[in-house]
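Please keep the sequence and the model at hand while reading.

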Amino acid sequence: QKATAQEFGGGFHAFDEVVIDEMSSVSISSSRSEKAGGGFHTDGRLQVTNSSAVSLQNVIAQEYGGGFNALGEVEIAGNSTVKISNSRAEAKSGGGFNTGKGLKVS
């Protein structure tokens, strides 16, 4: 809560993929990044599966991905949820999220 980053990932920055699995939950609120990923940034893919939940509230990125920025594919599957509220990218793209490789929801 209330975390900031000068570059990437207000809440956290992962240099590889992010996997949230097996009924896990991640909640980030009131965080900010001066470049990309107000909530978080991953250099790889994001996978949220098997009844897991991600909640991002009041998160801001100066450039890309107010909620989160993923350079890889984003997959949300198996009764999982990603809730993004009150987020924005102030200068560029992806107020909710930005992905470099596409989105798969199943």
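## Surface patch

Phe97, Leu103 and Val105 form a nonpolar patch on the surface, and together they have about 270 Å² of accessible area (Shrake-Rupley method, 1.4 Å probe, with only the protein chains shown counting as cover for residues). Patch members have over 30% relative accessible area and no salt bridge, nonpolar side chains (Val, Leu, Ile, Met, Phe, Trp, Tyr) being joined within 5 Å; a salt bridge is a side-chain nitrogen of Lys or Arg within 4 Å of a carboxyl oxygen of Asp or Glu. Phe97 lies in strand β14 (residues 97–99), strands being DSSP runs of E with at least two residues, numbered from the N terminus.

## Basis of the model

This is a predicted model, in which local features need pLDDT of at least 70 and side-chain atom pairs count only at pLDDT 80 or more, while totals for chains, interfaces and linings use all residues. Residues are numbered from 1 along each chain as its sequence is written, and side-chain values use heavy atoms, with hydrogens and water left out.

Strand β4 (residues 25–29) pairs with β8 in the parallel sense over five bridges (pairing requires at least two DSSP bridges), and Val26 stands opposite Val54. On β12 (residues 81–85), which runs parallel to β8 and is joined to it by five bridges, Ser85 stands opposite Gln57.

Conventions: Patch = residues over 30% accessible without salt bridge, like charges linked within 9 Å, V, L, I, M, F, W, Y side chains within 5 Å. Helix = DSSP H or I, 4+ residues; strand = E, 2+ residues; numbered from the N terminus.
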